[in-house]
Amino acid sequence: MNLINNMEAQHAWLEKTDGDFAVFLAQVNAETHPRSVPLATQIEKNVPVYSGVDVRAASHRPSHKKALLAEWSKVFLSGAGTIVIRNGIENTEVIDRASEIFSQIIENEKVNTIGGGDHFAKVGSNDRIWNALEKHCLNDPKNFIEYYASDAVAMAAEAWLGRGYQVTAQVNCVKPSGKAQMPHRDYHLGFMAAMQTLDFPAHVHAMSPFLTLQGAVAHCNMPLESGPTKLLPFSQKFLEGYLAFEREEYTKYFEKNHIQLTLEKGDVLFFNPAVMHAAGDNVSKDIYRMANLLQISSAFGRAMEAVNRSKMSKVLFPVMKEFISSKTLTNNEFMNVIHACAESYSFPTNLDLDPPIGGLAPKSQSDLMKQALEQQLSIAEFSTILDQLQSRQHS
């Protein structure tokens, strides 16, 4: 069932009990037919698999490239939601050098007590590098060029997002005996508590997956015992998934019916961010499962104008205090002004310095402004809080 075509049948806003498990079962109990993915070399557990050699060849032939991108976009939208490109990065020496860089960064950040947190896994079960893209580039520009010259990465991003996309990356290394993540969807609505997603109309639940593409480059061979990503094909089609996937019947179904694909060094996995997924248990004795997790964003997820919201907030703060003292604003009007002025979204930020505390996202500028007004902080105190936030948010 296509999310967009189904929108007229949905309420404009979801309610906390929405999400029909029977509908979910009907959607995920599907099959990938070879005729729907004629350019795939094979189908593994419903996931179409492509040859990196074929992808690189198609990149130089416009008609072949267009056909491949069209096939991938259909898979991401209404098919299994996931593709694998074998040998997506051809030169494994480039992968090995990048792994060395990432390992050095991990050790350095341990010494400097930054990094390592994970939204969906227990602390200590893995090593995490936030903003691996920038750190990789600054540590070894030559290797960065060789790595991101990959046609597989660029073409997958273009297939789902079109041109002008932005790449970010976070390295995850799951140690032997490292535990699995909780099953989840990803950015944007996937980084909110289920009840928070009710603040967004149903069409935004349908839209959110179109704003990013998730990817993972395998930096080592990943047999099943190393815990490669657990995936539930076709689950991206369930509109209410951001709201419902934390419920017991869904998590139990996921654990019983998810699939895992073995990967080799240089293989690349891409999936619609709404696919229900989780990193698996690493039950091996000696495999440090390292992957470079790519989160690629649409060019359209940005405003037209650059606005200095920190400067605006500082100017408005003392005037807002006067309005509050005179009680000339209702609570709703009070919040309306904050939302018009301050940044209400926590991202992008520097997650090394601005980690999520008590949730999946750090406090936003508007959260801090509301808190400062409620606590009747001074102008100087509020100004310092905003300056500190701005400092934390930059790499």
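1. Which residues are buried in helix α1 (residues 21-28)? This is a predicted model, and in it the buried residues of α1 are Phe24, Gln27 and Val28. Viewed along the axis of α1, these buried residues fall within an arc of 85°, so they line one face of the helix. Ala22 and Ala26 are exposed on the other side of α1. An α-helix has 3.6 residues a turn, so residues three or four places apart point the same way.

2. At the start of α1, Asp20 places a side-chain oxygen within 2.9 Å of the backbone nitrogen of Ala22. Ala22 is also one of the exposed residues of this helix.

3. Phe334, Ile338 and Cys341 are its buried residues. Down the axis of α12, they fall within an arc of 75°, so they line one face of the helix. The face turned away from that buried side carries Asn332, Asn336 and Ala340, which are exposed. The elements covering the buried residues of α12 include α11 (309-326) and α13 (365-374).

4. Next, the cysteines. Cys341, in α12, has a relative accessible area of 1% and is therefore buried. Cys173 also counts as buried, because its relative accessibility is 5%. How many disulfides does the model have? The count comes to 0. For Cys173, the closest cysteine sulfur is that of Cys220, at 7.6 Å, which is too far for a bond. The cut-off used here is a pair of cysteine sulfur atoms within 2.5 Å.

5. Strand β11 (residues 289-297) contains Gln295. Is Gln295 buried or exposed? It is buried, with a relative accessible area of 12%; the limit for calling a residue buried is under 20%.

6. Strand β5 (residues 166-174) runs antiparallel to β11 and is joined to it by 9 bridges. Strand β6 (residues 212-218) also pairs with β11 in the antiparallel sense, over 7 bridges. Asn292 of β11 is the bridge partner of Val171, and Val217 stands opposite Asn292 as well. Leaving aside neighbours within four places in sequence, the contacts of Gln295 include Gln166, Val167, Thr168 and Gln170, together with Thr212, Leu213 and Gln214. Tyr187 is also in contact with Gln295.

7. In soluble globular proteins, nonpolar side chains tend to be buried together. The largest nonpolar core here has 44 residues, of which Tyr50, Trp72 and Phe270 touch the most other members. Helix α7 (residues 151-161) gives the most to this core, with 8 residues. A second core of 15 residues is separate, and its members include Val49, Met222, Leu261 and Leu269.

8. What does Trp72 touch, leaving aside its neighbours within four places in sequence? Its contacts are Tyr50, Val55, Ile83, Ile85, Met155, Ala156 and Ala159. Tyr50 is another of the residues that touch the most other members of the largest core.

9. Two loop residues complete the note. Ser59 lies in the loop between α2 (52-58) and α3 (62-78). Its side chain is joined to that of Asp151 by a polar contact of 3.3 Å. Not counting residues up to four places away in sequence, Ser59 touches Lys65, Asp151 and Met155. Met155 is also in contact with Trp72.

10. Gly88 is in the loop between β3 (82-86) and α4 (92-111). Beyond its neighbours within four places in sequence, Gly88 is in contact with Arg56, Ser150, Ala152, Gly266, Asp267 and Val268. Ala278 lies 190 residues from Gly88 along the chain, and the C-alpha atoms of the two are separated by 22 Å.

How values were computed. Residues are numbered from 1 along each chain as its sequence is written. This is a predicted model: local features need pLDDT of at least 70, side-chain atom pairs count only at pLDDT 80 or more; totals for chains, interfaces and linings use all residues. Side-chain values use heavy atoms; hydrogens and water are left out. Helices (H or I, at least four residues) and strands (E, at least two) are DSSP runs, numbered from the N terminus. Contact means heavy atoms within 4.5 Å. A polar contact is a pair of N or O atoms within 3.5 Å; within protein, one must be able to donate a hydrogen and the other to accept it, and residues adjacent in sequence count only if both atoms are side-chain atoms. Buried means under 20% relative accessible area, exposed over 50%, partly exposed in between (1.4 Å probe, protein chains only). The arc is that of the directions from the helix axis to the C-beta atoms. Two strands pair if DSSP finds at least two bridges between them. A nonpolar core is a set of buried Ala, Val, Leu, Ile, Met, Phe, Trp, Tyr and Cys residues joined through side-chain atoms within 4.5 Å.
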